[in-house]
Amino acid sequence: RTNRVVELTGIRFPVFQGGMAWVADAQLAAAVSNAGGLGIIAAANMPPELLDQELRKVRELTDGPFGLNIMLLSPTADDAIELAASHRVPVITTGAGKPGKVIERLKPLGAKVIPVVASAVHARRVEQQGADAVIAEGMESGGHIGEISTFALVPQVVDSVSIPVIAAGGIADGRGVAAAFALGAEGVQMGTRFVCVRECNVHGAYKDMILKAGDRSTVVTGRSTGHPVRCLKNKFSAKFEEMERSGASVEELEAFGSGRLRAAVVDGDVEWGSVMAGQCAGMIDDVPSASEVIRRIFVQAADQMDRMSELGRFFRSLCMEEVG
Ligand SMILES: O=C(O)COc1ccc(-c2c[nH]c(CNC(=O)Nc3ncc(Sc4ccccn4)s3)n2)cc1
């Protein structure tokens, strides 16, 4: 038996590229799929005719499996579901909400549906609804997040469901892959790491801000709106926090925040845009190809796991002799 995530999706390496709003287009998804991972297009709030074009384009750019991420907070989520159905998209991931209707509509058409969950309760619920696997996303992640860290969330989700678990949040190199599998995951999903690859079309200023980032460069804003979002610290995040502190209403905050992700991704406004990124931003120091990222990470993971098997013998030896 190889790996249930590989068997479920037909990919070579058990790695997904996060379906990041405005960032994950057909070009990035195809590059990741051609490199042996699962490239995922973000439907986000894309108008249906644009999403239809991206779904045609990705099939011209790769013969491999690919996915579509449906963000359930989006008013265009129902259009995205129908486009996923008509294009027979093989893998569907969902975020920021309840995936029941996505599972009901798309599983009968043969799609694999893999919701992002932020707690063990969510995971058990979507398993009962028929999810094929879950992505357990810790709060280290960029963008819209839950409240539990990857290190605590993944083992509890693994203990709660019998479908495969893919770990996400804070993973950007082989050590994170080795750790995720140690926690019981059978795959990983990375977002921020795949923003800084050559084939990603985000504005150069966005990539530069990630390259400059350190471990303390992100902040979570919007907890008071019920939609906490992790992004890199800048003038926008500082103003947003000040508004929250001074008791701004949810409407005021959401009005102030709307359009900011696009401003950062498309216009490169990294001062007043929302530069969504995870806490692993400080680990990213180059912009290689998607293929180079995937190969390097699994070589490093393999080395790390070999080292750990020696550790296993050492720990076992400690437990053999009677202590004291
Ligand atoms: O209530 C329930 O049963 C389910 O509740 C959930 C609560 C949270 C989640 C969740 C956490 N993280 C994810 C997947 N990640 C994401 O969805 N990340 C995102 N980044 C930027 C996005 S665009 C946006 C849209 C609205 C507000 C702010 N930003 S969406 N899903 C999933 C389900």
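User: Which residue in β3 stands opposite I41?

Analyst: In this model, which is predicted, I41 stands opposite L68 in β3.

User: What makes β2 and β3 a pair?

Analyst: Two strands count as paired when at least two bridges are found between them; β2 and strand β3 (residues 66–71) share four bridges and run in the parallel sense, so they meet that condition.

User: What is the order of the strands in the open sheet?

Analyst: Eight strands make up this open sheet, in the order β1-β9-β8-β6-β5-β4-β3-β2, and their pairing is parallel.

User: Why are β1 and β2 said to stand at the edges?

Analyst: Each of them, β1 (15–17) and β2 (39–42), has a single partner strand, so one side of each lacks a neighbour in the sheet. From one strand to the next, the twist averages 25 degrees.

User: What joins β9 to the strands β1 and β8?

Analyst: Three bridges join β9 to β1, the two running parallel, and V15 has V188 in β9 as its bridge partner. With β8 the pairing is also in the parallel sense, over three bridges, and there I166 has G187 of β9 as its partner.

User: Which way do the residues of β9 point, and are they buried or exposed?

Analyst: In strand β9 (residues 187–190), G187 and Q189 point one way while V188 and M190 point the other way, and all are buried, which means that each has under 20% relative accessible area.

User: What is the direction of α2 relative to β2?

Analyst: Helix α2 (residues 26–34), which lies across β1, β2 and β3, runs at about 165 degrees to β2; angles over 145 degrees count as roughly antiparallel, so that is the term for this arrangement.

User: Why is α3 called roughly parallel to α4?

Analyst: The axes of helix α3 (residues 48–61) and helix α4 (residues 77–86) come within 10 Å of each other and cross at roughly 30 degrees. That angle makes α3 roughly parallel to α4, because angles under 35 degrees are placed in that class. The crossing of α3 and α4 is right-handed.

User: Which residues make the contact between α3 and α4, and what are their classes?

Analyst: On the α3 side they are P48, L51, D52 and L55, and on the α4 side D79, A80 and L83. By class, this contact of α3 with α4 holds five nonpolar, no polar and two charged residues.

User: What describes the packing of α6 against α7?

Analyst: Two packed helices are described by the angle and the distance between their axes. For helix α6 (residues 120–128) and α7, the axes come within 9 Å and cross at roughly 35 degrees, and the crossing is right-handed. Here A120, A123, R124 and E127 in α6 meet L153, Q156, V157 and S160 in α7; by class, the contact has four nonpolar, two polar and two charged residues.

User: Which residues of α10 are buried, and what covers them?

Analyst: In helix α10 (residues 204–212), A205, Y206, K207, M209 and I210 are buried, and what covers the buried residues of α10 includes α9 (192–195), β11 (229–232) and α13 (260–265).

User: How many bridges join β10 to β11?

Analyst: Four bridges join these two strands, which run antiparallel, and T218 has L232 in β11 as its bridge partner. Since at least two bridges are required, β10 and β11 count as paired.

Key
Residues are numbered from 1 along each chain as its sequence is written. This is a predicted model: local features need pLDDT of at least 70, side-chain atom pairs count only at pLDDT 80 or more; totals for chains, interfaces and linings use all residues. Side-chain values use heavy atoms; hydrogens and water are left out. Axes are lines fitted to C-alpha atoms, for helices over the stretch in contact, and angles run from 0 to 180 degrees between N-to-C directions. Contact means heavy atoms within 4.5 Å. Angles under 35 degrees count as roughly parallel, over 145 as roughly antiparallel, 65 to 115 as roughly perpendicular and the rest as oblique. A crossing is left-handed if the near helix is turned anticlockwise from the far one by less than a right angle, and right-handed if clockwise. Ala, Val, Leu, Ile, Met, Phe, Trp, Tyr, Cys and Pro count as nonpolar, Asp, Glu, Lys and Arg as charged, and the others, Gly among them, as polar. Buried means under 20% relative accessible area, exposed over 50%, partly exposed in between (1.4 Å probe, protein chains only).
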